[in-house]
Amino acid sequence: LTGSLQKNQPDAWAKYVAAAEDGQPHRILEAVSEGVKFSSLHEAAQGDYVGVMRPRLSKLDKARAIAKSFGNVGKPYDFDFDFETQDQLVCSEVVYQAYLPDKGVQTGLILPLTQVMGRATLPPNDIVRTFDQQFGTESQQFDFVAFLDGREATRSAVIGTLDAFRASWQRPKWDEIGRAHV
C-alpha cells in the first residue's frame with residue numbers, strides 16, 4: 001500500500017509523511033472546516049467524544065478504502081452537507097465514500113443515509129447507531145476498539161465502555177459523538 005500511495009498519490013503522500021502541526025505523525029484523515037486533511041491522533045481526538053471502530057473487512061478492502069481516501073486530501077469542506085457530490089466533503093462523507101462498495105472490487109460497508117433538511121447525509125451518530133443495531137448479529141460491520149467519553153463540566157474524558165459507546169447515539173441531538181475519520 002505504501003508504495004502504491006507514494007506512486008499514485010504523491011502530493012497526498014508528502015502531506016501524510018510530514019509532521020502534523022503538533023509535531024506528531026499524521027495518523028488520521030479527516031474533513032474539518034479547513035478541508036480534507038491529515039491530523040495527528042492528538043489533534044483529531046479534540047472532540048467531546050472519541051469512538052473508534054474497526055471495519056470487519058479484509059486487509060485488501062481496508063487498503064482500498066485508504067487509497068480512495070488519499071484521493072480526497074485537499075478537497076474543501078462541504079458546508080452544505082451534500083452527499084450527492086464529491087467535490088466537497090464532510091467528515092462522515094469521507095468515511096462513507098472510502099468504504100462505499102465497488103462491484104467486483106471492494107466489499108465495502110453498508111452505511112444508510114438519512115434525510116436531514118431534505119438532503120441525504122450520514123451524521124456520525126448514525127454510524128454509531130448502525131453499529132449498535134448490528135452488534136452481535138451476522139450483519140455486524142464493525143468491531144469496537146475504544147471510546148473516550150467526554151465530561152464537559154470537568155473538561156475531561158474517561159475511558160468509556162462498549163455499552164456506553166453503543167448507547168451514545170441516543171444522547172440529545174446537540175450531543176454529537178464527534179467527527180468521523182478514516
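This is a predicted model: local features need pLDDT of at least 70, side-chain atom pairs count only at pLDDT 80 or more; totals for chains, interfaces and linings use all residues.
Residues are numbered from 1 along each chain as its sequence is written, and side-chain values use heavy atoms, without hydrogens or water.

The protein chain contains seven helices and seven strands. Both are DSSP runs numbered from the N terminus: helices are H or I of at least four residues, strands are E of at least two. From the N terminus, the order is α-α-β-β-α-β-α-α-β-β-α-β-β-α. The C-alpha trace spans about 45 × 40 × 35 Å along its principal axes. The radius of gyration is 16 Å, in agreement with the value near 16 Å for a compact globule of 182 residues. That radius is taken over C-alpha atoms, and the globule rule is 2.2 Å times the number of residues to the power 0.38. Buried residues make up 39% of the 182 residues. Here buried means under 20% relative accessible area, exposed means over 50%, and partly exposed lies in between (1.4 Å probe, protein chains only). Contacts are heavy atoms within 4.5 Å. Of the contacts with a separation of 6 or more, 57% join residues 24 or more positions apart.

The largest nonpolar core has 31 residues. Such a core is a set of buried Ala, Val, Leu, Ile, Met, Phe, Trp, Tyr and Cys residues joined through side-chain atoms within 4.5 Å. Tyr99 and Leu111 have the most contacts inside this core. Elements that give two or more residues to the core include helix 2 (10–17), strand 1 (28–32) and strand 2 (35–39). Helix 5 provides the largest share, five residues. Beyond its neighbours within four places in sequence, Leu111 touches Val95, Tyr96, Leu122 and Phe142.

Three strands form an open antiparallel sheet in the order 3-6-7. Two strands count as paired if DSSP finds at least two bridges between them. Strand 3 (49–55) and strand 7 (156–159) are the edges, each pairing on one side only. Neighbouring strands are turned by 20° against each other on average, direction ignored. Strands 6 and 7 pair over four bridges. Leu148 stands opposite Ile159 in strand 7. Helix 6 lies across strand 3 and strand 6, at about 130° to strand 6. Axes are lines fitted to C-alpha atoms, for helices over the stretch in contact, with angles from 0 to 180 degrees between N-to-C directions.

Six salt bridges were found in the whole structure. Each is a side-chain nitrogen of Lys or Arg within 4 Å of a carboxyl oxygen of Asp or Glu. Arg64 and Asp61 form one of them, at 3.8 Å from N to O. Both lie in helix 4 (residues 59–70), three residues apart, about one turn of the helix. Arg64 is partly exposed at 29% relative accessible area, whereas Asp61 is buried at 5%.

Arg166 and Asp132 meet at 2.8 Å, N to O. Arg166 lies in helix 7 (residues 162–167) and Asp132 in helix 6 (residues 124–134), so this pair ties together parts 34 residues apart in sequence. Arg166 is partly exposed, at 22%. Asp132 is buried, at 14%.

Arg171 forms a salt bridge with Asp149, with the closest N and O atoms 2.9 Å apart. This pair links the segment after helix 7 to strand 6 (residues 142–151), across 22 residues. Arg171 is partly exposed at 24%, and Asp149 is buried at 4%.
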